Amino acid sequence: MHNNVPIDVEEAYCPDCGALVKNKWFLVRCACCNIKRTAHIHYDDIIPNTNYCPNCGSTEYYIEELENINFLNVHYAVFKKEIVPQGNFTTRQIWIEKEENLIEEKKLLMSGK
Ligand SMILES: [Zn+2]
Ligand SMILES: [Zn+2]
C-alpha cells in the first residue's frame, strides 16, 4: 500500500518497495450544480459519500483531477497513490527542456539581443 510515502509530495520513492509512487488528488463535483462533494476511494474507484447531491439532489457527478492540493479543497479531495512505471522519464525530460529554455533566454538577455 506504500503507506510510508508522504502524501504532501508530488511523487516519491516508496521506502518499503522502491517503487516510484505518485500522489494524485481528485475532487468530486456535482454534474448538475458543480458543488464539491465529499468522496472516498472504494476499490480504486472514487465514490461520493452520499448518493444524492446535498445541494440539488442530483445523482450525477464527475471527477476532476487536481494539479495540486490547496487548503480550499483539502476537506473534499481524495487521493490515490499511483505507481509510476520505472523507465518512464517523461516528466523529468519536460523539466530539463524547460531549464534549457530558461538558460537560452538568459543568454539572449545577457548578450543584449
Ligand atoms: Zn511500496
Ligand atoms: Zn448538485
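**Note on the predicted single-chain model**

1. Ile41 stands opposite Ile46 in strand E5. Strands E4 (residues 39-42) and E5 (residues 45-48) pair in the antiparallel sense over four bridges, where two strands pair if DSSP finds at least two bridges between them. Two residues lie between the strands of this hairpin, and Tyr43 takes a positive phi near 45 degrees there.

2. This is a predicted model, in which local features need pLDDT of at least 70 and side-chain atom pairs count only at pLDDT 80 or more, while totals for chains, interfaces and linings use all residues. Residues are numbered from 1 along each chain as its sequence is written, and chains are lettered from A and ligands numbered from 1 in the order in which they are written.

3. The mean pLDDT of the chain is 84, and 80% of its residues reach 70 or more; pLDDT is the predictor's confidence in each residue, from 0 to 100. Among the elements of the chain, the lowest mean pLDDT, 62, belongs to helix H1 (residues 90-111), and the highest, 96, to strand E3. Where pLDDT is low, the predicted coordinates should not be read in detail.

4. The secondary structure amounts to one helix and seven strands, and along the sequence the pattern is β-β-β-β-β-β-β-α. Helices (H or I, at least four residues) and strands (E, at least two) are DSSP runs, numbered from the N terminus. Of the contacts in the chain with a separation of 6 or more, 50% are accounted for by residues 24 or more positions apart, a contact being two residues whose C-beta atoms, placed from the backbone, lie within 7 Å.

5. Of the 113 residues of the chain, 7% count as buried. A residue is buried if 20 or more other C-beta atoms lie within 10 Å of its own, exposed if 12 or fewer, and partly exposed in between, with C-beta atoms placed from the backbone. Strand E6 (residues 61-66) lies largely in the open because, of its six residues, the number buried is zero. Strands E2 and E6 run antiparallel and are joined by six bridges, and the bridge partner of Phe26 in E6 is Glu65.

6. His2, in the segment before strand E1 (11-13), has a phi near 55 degrees, which is a positive value in a residue other than glycine. His2 counts as partly exposed because it has 16 C-beta neighbours inside 10 Å. Leaving aside neighbours within four places in sequence, His2 is in contact with Cys14, Asp16, Cys17, Ala19, Val21 and Lys81. For one of these residues, Asp16, the C-alpha atom is separated from that of His2 by 6.9 Å, although the two are 14 residues apart along the chain.

7. Ala12 lies in strand E1 and is partly exposed, with 18 other C-beta atoms within 10 Å. Not counting residues up to four places away in sequence, Ala12 touches Val5, Pro6 and Val21. The C-alpha atoms of Ala12 and Val84 are separated by 9.8 Å, and these residues are 72 apart along the chain.
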